[in-house]
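Please look over the sequence and the structure shown here before reading the briefing that follows. The points after it are grouped by topic.

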Amino acid sequence: SDQDDEGSDEFILDHEKSSESSSVDEEQDDDDDSEFRRKCAKKISKSTAKLSEKTSAKRPGTRTAGTPRTPSHPSPYIPRRSQLAKKPVSVLEEARARLHVSAVPESLPCREQEFQDIYNFVESKLIDGTGGCMYISGVPGTGKTATVHEVMRCLQHAANQENLPSFQYIEINGMKLTDPHQCYVQILKLLTGQKATADHAAALLEKRFGTPAPKRESTVLLVDELDLLWTRKQNIMYNLFDWPTRRQAKLVVLAVANTMDLPERIMMNRVASRLGLTRMSFQPYSYKQLQQIISSRLNRLKAFENDAIQLVGRKVAALSGDARRALDICRRAAEICEYSENQKPASSLVGMPHILQALDEMFSSPYINAIRHASNQEQIFIKAVLAEFRRLGLEEATFQQIYQQHIGLCRLEGLQPPTISETMLVCTRLGACRLLLVESSKNDLHLRVRLNVSQDDVMYALKED
């Protein structure tokens, strides 16, 4: 019995221990369950908060604290400079800024008579309410476009002061057009803001200038680089100069080109007759005029010696009379003087040595050296290219046209004219030297040829030779 009591006591103790351990395990399980539930509750609360933020952001008129406000009328802007633009610190630096081609001068010297003639022509057409056409020609760099722009600025100022009838001024440039027929698109867009294809725009313009409209304002159209609007059928040029002749059009056309006798060279008689109304020719600048232009740009800024300016004027006037070339030479001479002054302190004025060094750099490029050292037939071919460009009034010609000029120049110099195949080899060699730009896909009489060097550099190289 004692053994039975001891066994029962041991059983009771074991049962109590097992019950205690099971209760402990249950408590641990409850703790784990509660911890898991808390974690799940946190995740659910976070996801619901994110979802509510997204839905509130999508709803119009609701905005959270961290969301930036969207401007009602957004507009792009250029960030301001952190520092002001540097001003010229020396006389030479100021001179270089004034001599830059892009700098707008205070006045246009040496073109007073041309300015007055163009002004009177346009002013009379605006007052009478009629149309007309003026053909303005001259070599590059003689101030044609700048003079017309100044005329239009003065006329617009007079119209704003109500001294002239109000008018609409538009401008197109043949250099900026990918195709000559795109001029119709540009004119229509500038006149009405309407976009259309080239054919549709031509039809709309034809209807506009052919329909009477008594209350319509006069229109002044500037056509720059007219040479590049030439086409085989010449419809573009004919329309541009036919529209001003119509009474109801009220259109004044100012056509600017580099070739003086462009109508007779590349246009048919019907177009040339339209252009026979008013013509103006801008002559190349003389050396005194170039001196005056440079001095007016400097505007009493003592940076050049008088002999240095005179040398630039005489050199450029003897070559082409291009004012832009004279400004480039003076600007380069100022840079040379400024560099030499930094190396060795000396006189701050641009003198003859600086001008001569700038001239050597301008007219001693690898292209000029290549022309000077070319063979006799190659130089004659380049002369033939120049002659044909002047005859056509364009800067592109076919090999057949140039070959005819080449034969004529050989006969003038008493040389035996080469055959077509020999001349083609000469053209190929010049193209390989990149003095000429030739079509790579063609090698026949219709091969198109262009100069890869400015005509002034070619004339300088051949004249010096």
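Strand β2 runs parallel to strand β3 (residues 218-224), and seven bridges join the two; strands count as paired if DSSP finds at least two bridges between them. The model is predicted, so local features need pLDDT of at least 70 and side-chain atom pairs count only at pLDDT 80 or more, while totals for chains, interfaces and linings use all residues. Residues are numbered from 1 along each chain as its sequence is written, and side-chain values use heavy atoms, with hydrogens and water left out.

**The sheet**

- Y169 has V220 in β3 as its bridge partner, where strands (E, at least two residues) and helices (H or I, at least four) are DSSP runs numbered from the N terminus.
- Five strands form an open sheet with parallel pairing, in the order β2-β3-β4-β1-β5.
- β2 (167-173) and β5 (278-282) stand at the edges with a single partner strand each, so one side of each has no neighbour in the sheet.
- From one strand to the next, the twist averages 15 degrees; angles run from 0 to 180 degrees between N-to-C directions, and axes are lines fitted to C-alpha atoms, for helices over the stretch in contact.

**A helix on the sheet**

- Helix α5 (residues 182-192) packs on the sheet and touches β2 and β3, its direction making about 150 degrees with that of β2; contact means heavy atoms within 4.5 Å.

**Two packed helices**

- Helix α16 (residues 399-412) packs with helix α17 (residues 420-432) at an angle of about 105 degrees, their axes being 11 Å apart.
- F399, Y403 and H406 in α16 meet I420, T423, M424 and C427 in α17.
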